[in-house]
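This report concerns one protein chain. The sequence and structure are shown first, and the description comes after them.

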Amino acid sequence: MSDGTETPLDLEALPTGESVLIAGPAMTGKRRLLFDLVGASPDGTALLVTTKRGADRFRERFLAGRDADDWDIRSVDCVSRSRGFTQHRDSDTVKYVTSAGDLTGVGIAASGFLREFYHADRAARVGLHSLSTMLMYADLRRVYQFAHVMTGRIESSGFAGAFTLDTTARNTESLDVLTQVFDALVEVREDGNGPELKVRGGDFGPRTWTTF
């Protein structure tokens, strides 16, 4: 665990080739669960796609409580080029796209890293935070197609993936549609005693609401 707390998820039990959607209201611990799942990569290999924070900050948060020397990380940054005047240039480990709405650019950058890991025979885990930001720039049909392609590439490469989505009581369409492309759903909610989760469609966590 990155922060020393326990999780009811069996992190190593997420099958290779499968992708999980972590969905729930804002500020309910979805990013933490994503980090936990990606952090269970058997050989310390990860692809992080960030739509809310720059790649450096997101990578630092992921590595908090982990030994950076044990990790080989690639990042797709959908944020930095849209903020300020600093020029961000691609490197061997970080690719930048203009915004979270550039789904084609995100897909190309992510696919390149996935191909690299595949040819190196790595056991990568992929984390994308968050599909909700993409929905602010692109319609649901395009985000669905993007998620379908991404999860398909994760499956064909033999990796595993975790994606997050913010939900609201008044807008369930995005969840209903996007869930279709994932192998399992981790639902998250806030209870009076703290956040709770349950797993649908997978055997790596509780099927009833459990505090974490």
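The sections below treat pockets, aromatic contacts and salt bridges in turn.

## Basis of the description

The structure is a predicted model. The values given here are computed from that model, and side-chain atom pairs count only at pLDDT 80 or more.

## The largest pocket

The largest pocket has a volume of about 270 Å³. Its lining includes a run of residues from Ala 26 through Met 27, Thr 28, Gly 29, Lys 30 and Arg 31 to Arg 32. Lys 52, Arg 53, His 129 and Asp 166 also belong to the lining of this pocket.

Among the elements of the chain, helix α1, which spans residues 30–38, gives the most to this lining, with three residues. Divided by class, the lining of the largest pocket contains six charged, three polar and two nonpolar residues.

## The second largest pocket

For the second largest pocket, the volume is about 160 Å³. The residues that line it are Leu 103, Thr 104, Gly 107, Ile 108, Arg 142, Gln 145, Phe 146, Val 149 and Arg 153.

The most comes from α5, with five residues. By class, the lining of the second largest pocket has four nonpolar, three polar and two charged residues.

The structure holds four aromatic pairs. One of them joins Phe 163 and Phe 182 in an edge-to-face arrangement, with 5.1 Å from centre to centre and 70 degrees between the planes. Phe 163 belongs to strand β6 (residues 160–166) and Phe 182 to the loop between α6 (173–178) and β7 (184–191), so this pair ties together parts that are 19 residues apart in sequence. Phe 163 and Phe 182 are both buried.

Elsewhere, ring pairs link Phe 35, Phe 58, Phe 62 and Trp 71 into a cluster.

## Salt bridges

Ten salt bridges are found in a search of the whole structure. In one of them, the side chains of Arg 122 and Asp 43 meet at 3.0 Å, N to O. Arg 122 lies in the loop between α3 and β5 (125–129), while Asp 43 lies in the loop between α1 and β2 (45–50), so the contact ties together parts that are 79 residues apart in sequence. Arg 122 counts as partly exposed, because its relative accessibility is 26%. Asp 43 likewise counts as partly exposed, at 27%.

Arg 122 also forms a salt bridge with Asp 72, at 3.2 Å, N to O. That pair links distant parts of the chain, with Asp 72 in strand β3 (residues 72–77) and Arg 122 in the loop between α3 and β5, 50 residues apart. Asp 72 has a relative accessibility of 22% and therefore counts as partly exposed. A further salt bridge brings together the side chains of Arg 74 and Glu 116, at 2.7 Å, N to O. Arg 74 is in strand β3 and Glu 116 in helix α3, so the pair ties together parts that are 42 residues apart in sequence. Arg 74 is buried, with a relative accessible area of 9%, whereas Glu 116 is partly exposed at 33% relative accessibility. Through shared partners, salt bridges join Asp 43, Asp 72, Arg 74, Glu 116 and Arg 122 into one network.

Key. Residues numbered from 1 in each chain as written. Heavy atoms only, no water. 1 Å grid on protein atoms, 1.4 Å probe; cavity = no way out; pocket = protein on both sides within 12 Å on 5 of 7 lines; lining within 4 Å. Points joined across faces, edges and corners; volume = space filled by probe spheres on them. Helix = DSSP H or I, 4+ residues; strand = E, 2+ residues; numbered from the N terminus. Nonpolar A, V, L, I, M, F, W, Y, C, P; charged D, E, K, R; others polar. Phe/Tyr/Trp six-rings, centres within 6.5 Å; stacked < 30°, edge-to-face > 60°. Buried < 20%, exposed > 50% of the residue type's maximum accessible area, 1.4 Å probe, protein only. Salt bridge = Lys/Arg side-chain N within 4 Å of Asp/Glu carboxyl O.
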